Each structure stands twice: as structure tokens, then as C-alpha cells.
Amino acid sequence: MAEQRISYWAAEAEVDEDLEDVDLNLAIGSFGQTDLYEDAKSHIDETTLLAMQQQMAQQAFAQIPDVVKRFIVHFYQAVQENNLAEITVAYESGWNRLTERFYAKTEWPEAELIAPLVNDDPIFLILYRELYYRHVYSRLQPNLDDRFHSYENSCELFNYLLNSDGPVTLELPEQWLWDIIDEFIYQYQSFSVWRSKAASKTDDELTSLGDAGQPWSSYSVLNVLYSLIQKSRVHEYINAVQEGKSQEEIGDIVGEYGVLPLYRLLGYFSILGLLRVHTMLGDFTLALKSMENVELNQKSSLTRVTACHVSTYYYVGFCYMMLRRYTDATRTFVTILNLILRMRQYHTRSYQYDQINKTADRMYALFAICNALSPNRLDDNILNIVKERFGEQVAKMSRSEEGIPAFEELFTYACPKFVSANPPPYEDGDALVAYLEEPHIDPAQRHLKDFIADVRAQLPVATLRSFLKLYTSLGTSKLAGFLDADEEEMVQQLMVLKQASRSIGRVGNEKGLLEGSTVSNNDLDFVIDENMVHITESTVGRRYAGWFIRNTEHAQRVYDGLKNSPLPVPIRPINPPTQQQPGQPQQPKSATQGKSVAWGGVKTVG
């Protein structure tokens with residue numbers, strides 16, 4: 001049945017040229033935009049106006065390609081029947097294919113136009129608007145109405161899920177559920193960044209923002225995420241699974257909402273959403289604290305959606321970097337970047353290939369920063385890729401003060417878009433004037449300034465470390481001469497190096513991402529004994545065991561494959577040899593006659 005339905009809208013059909021590029025403004029006209037209707041006596045009566053609106057709606061509906069209409073009808077039927085197979089194909093393939101074909105640079109038909117095709121079903125129309133506004137944000141430029149209406153539609157969707165009389169029976173694919181949470185946070189981020197630029201707003205926009213209240217406020221977004229987590233009781237579910245409880249016991253713990261995949265996955269993805277929101281707000285400790293019960297391993301639920309997997313590791317690694325836990329940040333980036341390299345062939349077939357690649361590029365830049373501040377040899381392969389992509393910046397970051405612009409460039413490129421929790425006071429004209437007169441620091445610039453201050457404090461470390469690596473014992477006066485500093489300043493630099501060589505790191509199976517022990521992230525250590533500095537260096541040799549094990553396993557797989565493969569089929573002659581009659585002379589063998597060889601084949605001579 002699924003194949004029958006999909007073939008209707010997925011088939012490649014010739015499209016009438018009249019339907020490809022339609023300007024709805026030309027079709028609708030410019031009624032009410034001239035001065036002809038300003039006179040009260042010339043107003044059109046209500047019946048005529050309704051008739052004109054119906055006629056325009058019919059014209060716009062007629063301009064929708066038939067293949068799009070069939071797709072919407074079958075998409076609606078799949079949602080009504082909770083057919084996950086058809087919903088998944090329609091969502092991941094059909095929608096994107098028709099977008100590229102008909103709506104690459106225009107909006108999809110509005111929900112009111114396609115409502116007759118879906119029997120005015122309010123739930124499907126909410127889901128359709130979610131896709132509609134996501135397309136506007138990703139392919140077009142949303143205006144003020146789009147931003148307000150997308151917020152209203154999100155509120156309708158979450159109110160339906162959270163405030164209905166009991167759990168809803170809706171079923172959606174995991175990828176779509178992640179995209180709902182991810183897009184909700186993205187639209188909040190986009191609106192917050194746009195709203196913070198008060199100086200560039202027009203008078204109409206200022207008036208609308210002043211009268212709109214608090215759409216896309218940080219409180220409302222966090223309230224939705226925490227409500228989904230609480231309703232699904234996903235933390236209790238994760239703890240019960242980790243404790244090995246049975247399905248019946250888990251069902252008693254999580255209740256009627258938590259046993260449904262819809263609520264459980266939305267709650268789980270909301271935890272990852274909190275990681276992202278708190279990171280954008282600049283609270284990196286709370287961001288990692290919200291992930292307390294989520295395990296970062298290949299068996300966790302976040303690995304089932306690739307975009308979710310990559311995004312989570314990106315924000316976790318960035319939080320570690322901002323908390324100066326460079327070893328944990330590097331390990332996080334290496335884990336996910338190696339996974340992306342191994343799954344690159346699969347990603348090329350994914351509609352999220354570009355997004356995954358962009359996030360991977362940002363993580364390579366963050367890896368370069370972490371490696372410059374805390375050198376290590378966790379993965380030479382990733383390090384080589386970083387040098388290929390950011391070789392110039394990597395070289396500059398090792399040049400003390402000259403490397404500051406390189407740090408700034410990579411940080412600005414790779415950091416998430418920070419937002420301010422408090423918007424400008426659009427509702428108060430006097431306060432808004434005072435706000436515009438007082439210069440405000442952009443959140444991204446504020447975090448960049450704090451990060452560069454930490455970098456600047458560690459700048460002498462690289463130079464000092466290079467001198468210490470040349471000696472096993474060194475007088476303090478001689479070391480101070482190398483550094484062109486007095487002994488007191490030299491001791492301060494030694495203390496900075498000592499502090500930079502130790503950090504909090506995860507060395508075992510700690511449950512929370514914030515937990516860890518003090519570890520050394522430097523292969524150089526020293527002690528000061530009166531006027532002498534004694535240096536010791538620990539060198540870690542290359543580990544050949546892993547290389548031999550991997551190649552031995554590969555050779556064994558190749559050998560097993562050859563051993564289990566069937567023998568080649570012998571080539572049979574086209575004309576079978578005729579039996580020689582008695583009394584006839586024996587025919588000599590021709591020079592081109594084949595000789596039998598191993599495997600039953602025929603070896604051609606000559």
C-alpha cells in the first residue's frame with residue numbers, strides 16, 4: 001500500500017510551464033492598496049468582498065501543481081493512519097524533492113489553501129505549518145509576520161501535546177521529532193539575534209515589537225523544554241534503563257506519557273535542547289549539568305539521529321573549551337569527527353549532509369584552538385586534517401601575541417550564535433531611547449573578549465615551555481634572561497605554566513559531564529629548588545599494538561572472504577567435441593586448442 005501511494009506523488013511528471021513560476025501578487029491583485037476605496041461611500045459590501053476572496057483563493061489553489069496536491073493528500077493519510085514508513089518517506093524524501101522542484105525560491109502554499117485537501121484537519125495543518133515556516137527560515141528571508149506566526153504555531157503544537165486530555169495518539173519519525181525541537185530553538189535564536197538589533201528597526205517594526213508582548217522569550221522557550229521533560233519523565237526512564245529494570249517496571253515509573261515513543265523522544269531531545277539554549281545564553285556549567293543523565297557513547301539514543309548526534313557533541317565540546325577543560329573538549333571533538341569520517345559515504349545521501357559538514361568544520365576549528373592551548377597527540381589523523389584546513393591560523397597561534405588575531409578568527413567562525421536573555425525595551429519608548437544611546441556589547445563579542453583574556457594569560461606558556469624542553473636543570477637567573485624578564489615575573493610565568501598543565505578531566509566512567517579528576521595535560525613538569533629549576537619530560541611512544549591488531553583483523557577478514565567464496569564456474573566449450581569413429585585417423589591438436597588449468601578454467605595458448 002505504501003508503494004502505491006508513494007508512486008503517485010514521487011513519479012517524475014512533466015509540469016505545465018504555466019504552473020512553474022507563479023506570482024501570487026499578480027494573481028491576487030492589489031485590492032485595497034489604492035485611494036479608490038478610502039471613501040466610505042465606495043466600500044464594497046461584505047457579500048461581494050467574501051465572493052472576491054473565495055475567487056482569489058480558488059485561483060491560488062488552481063495554481064498548485066497536481067503532484068503537490070497528491071503528495072499532501074497522501075501525506076495527510078499517512079499521518080492519520082500513523083503509518084511511520086510512509087510518513088518517513090514523505091518527510092525525508094517527498095517534501096525535499098518537491099521543494100527543489102517547485103519551491104526552491106518561493107514559499108509553499110499556505111495552510112489555508114491546502115486545508116480542503118486534508119478535511120481542515122487542525123493537527124495536520126499545525127504540522128504542515130511547522131514544515132512551511134521551516135522552509136521560510138532555511139530558504140527565504142522571514143519577515144516580522146513570519147516570525148510571529150511561527151511562534152504561534154509552535155505554541156499551538158506544544159499546547160496540543162502537553163495540555164490535551166491524556167496522551168495524544170500521534171506518531172512521528174525520530175528525525176522529525178528532533179527537527180521540531182531543533183527548529184524551535186533555531187527560530188528562537190534567529191528572532192533573538194534579529195530583535196537585539198534595535199537601531200536597524202523601522203517605525204512599523206518598533207511599533208509591532210512594542211505591542212507584541214514577549215514572543216520567543218527565553219522563559220517561554222525554556223518552559224516548553226522543561227515541560228516536555230517533566231511530562232515524559234525521561235530522566236526517570238534513563239535511570240531505570242541504566243539500572244536494568246524490566247519494561248513493566250519502567251512503565252510503572254514513567255506513567256502513561258513516558259511509555260509512548262512520541263513523548264519519550266520529545267523529552268529526550270528537549271534535554272539536548274537545554275544544552276544548546278544554555279550554551280547560547282552563556283551558562284556553560286548549567287548546559288553540561290542539564291546533560292547529567294545522558295551518556296555520550298555509541299549506545300545512547302542520540303546516535304539514532306545523525307544530526308542530533310553531531311550537534312550534541314559540538315555543544316558539549318564547546319562548553320568544555322569555555323570551561324578550560326581542553327583535554328575533554330579535544331577528546332569530544334575527536335570522537336565525533338572520526339565518526340563523521342567513517343560515515344561520510346552515508347552522509348552524502350542524507351538531506352542534512354550540508355548541515356553536518358558545516359558543524360564538522362566548526363569542530364575542526366575548535367580542535368585547533370584546544371590543541372594550541374593544550375597540545376596532545378590524541379589523534380594524528382584529525383590533527384593533519386586541521387593543519388590542511390587551518391594551517392595558517394595554526395602556525396600563527398604559536399607566535400605569542402601575534403597569534404591573537406588567529407584565535408579571534410577561529411573562535412568567531414566556530415562559536416555558536418549567542419543570544420541575550422533580556423531584549424531591548426520596545427514597550428517603553430523612553431527606555432528604548434536610553435537603550436539606543438548607551439552602547440551595548442554584543443553577546444558574541446563579550447564571550448570572545450573573555451576567551452581572549454584567558455588566551456592572553458597563557459601566551460607566555462608556549463615560549464617558556466620551549467626553553468624548558470632544552471634543559472633538565474636551569475638556573476632561575478639564566479631562565480629570566482632568556483625570557484627578558486626579572487625573576488619575580490619569571491616565577492609568575494612558571495606558575496601560569498604549572499596551572500595550565502593541570503585541569504579537570506574525565507578519567508573514568510563518571511556519570512555526569514561535569515565530574516572528573518585533576519589530570520595533567522602536559523608532558524613537561526618541573527620543580528623549583530631555591531635558585532634552580534629541575535625539569536622532567538615524559539615522552540609517550542607511539543602505540544603500535546592497535547595498528548597491528550587492526551591490520552591483522554583486516555587480513556583475517558580478507559582471508560575468510562577468499563576462503564568462503566565459491567570456485568569459479570568452468571567455461572564450457574560452445575561446440576562439444578565429436579566422438580571419433582573407429583578406423584578414422586586421429587586429428588592432431590590445433591595450436592589454439594586450450595589446455596586445462598587449475599580452477600577448471602581453460603588457458604588459451606598463443
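Biologist: In which helix is the place of N338?

Modeller: This is a predicted model. In it, N338 lies in helix 17, which covers residues 326–342.

Biologist: Is N338 buried or exposed?

Modeller: Buried means under 20% relative accessible area. N338 has 17% relative accessibility, so N338 counts as buried.

Biologist: Which residues is N338 in contact with, leaving aside its neighbours within four places in sequence?

Modeller: With those neighbours set aside, N338 touches D379, N381 and I382.

Biologist: How are two packed helices described?

Modeller: The description uses the angle between their axes and the distance between the axes. Take helix 9 (residues 174–196) and helix 14 (residues 261–281): they pack at an angle of about 30°, and their axes are 9 Å apart. Angles under 35 degrees count as roughly parallel, so helix 9 is roughly parallel to helix 14. Their crossing is right-handed.

Biologist: Which residues make the contact?

Modeller: Helix 9 contributes several, among them E174, L177, W178 and I181. From helix 14 come residues including L265, F269 and R276. The residues of this contact divide into 15 nonpolar, three polar and three charged.

Biologist: What is F269 in contact with, leaving aside its neighbours within four places in sequence?

Modeller: F269 is in contact with E174, L177, W178, I181, V305 and C308.

Biologist: How many residues has the largest nonpolar core?

Modeller: The largest nonpolar core has 139 residues, and F269 is one of those with the most contacts inside it, along with F75, M321 and F451.

Note on methods:
Residues are numbered from 1 along each chain as its sequence is written. This is a predicted model: local features need pLDDT of at least 70, side-chain atom pairs count only at pLDDT 80 or more; totals for chains, interfaces and linings use all residues. Side-chain values use heavy atoms; hydrogens and water are left out. A nonpolar core is a set of buried Ala, Val, Leu, Ile, Met, Phe, Trp, Tyr and Cys residues joined through side-chain atoms within 4.5 Å. Buried means under 20% relative accessible area, exposed over 50%, partly exposed in between (1.4 Å probe, protein chains only). Contact means heavy atoms within 4.5 Å. Helices (H or I, at least four residues) and strands (E, at least two) are DSSP runs, numbered from the N terminus. Axes are lines fitted to C-alpha atoms, for helices over the stretch in contact, and angles run from 0 to 180 degrees between N-to-C directions. Angles under 35 degrees count as roughly parallel, over 145 as roughly antiparallel, 65 to 115 as roughly perpendicular and the rest as oblique. A crossing is left-handed if the near helix is turned anticlockwise from the far one by less than a right angle, and right-handed if clockwise. Ala, Val, Leu, Ile, Met, Phe, Trp, Tyr, Cys and Pro count as nonpolar, Asp, Glu, Lys and Arg as charged, and the others, Gly among them, as polar.
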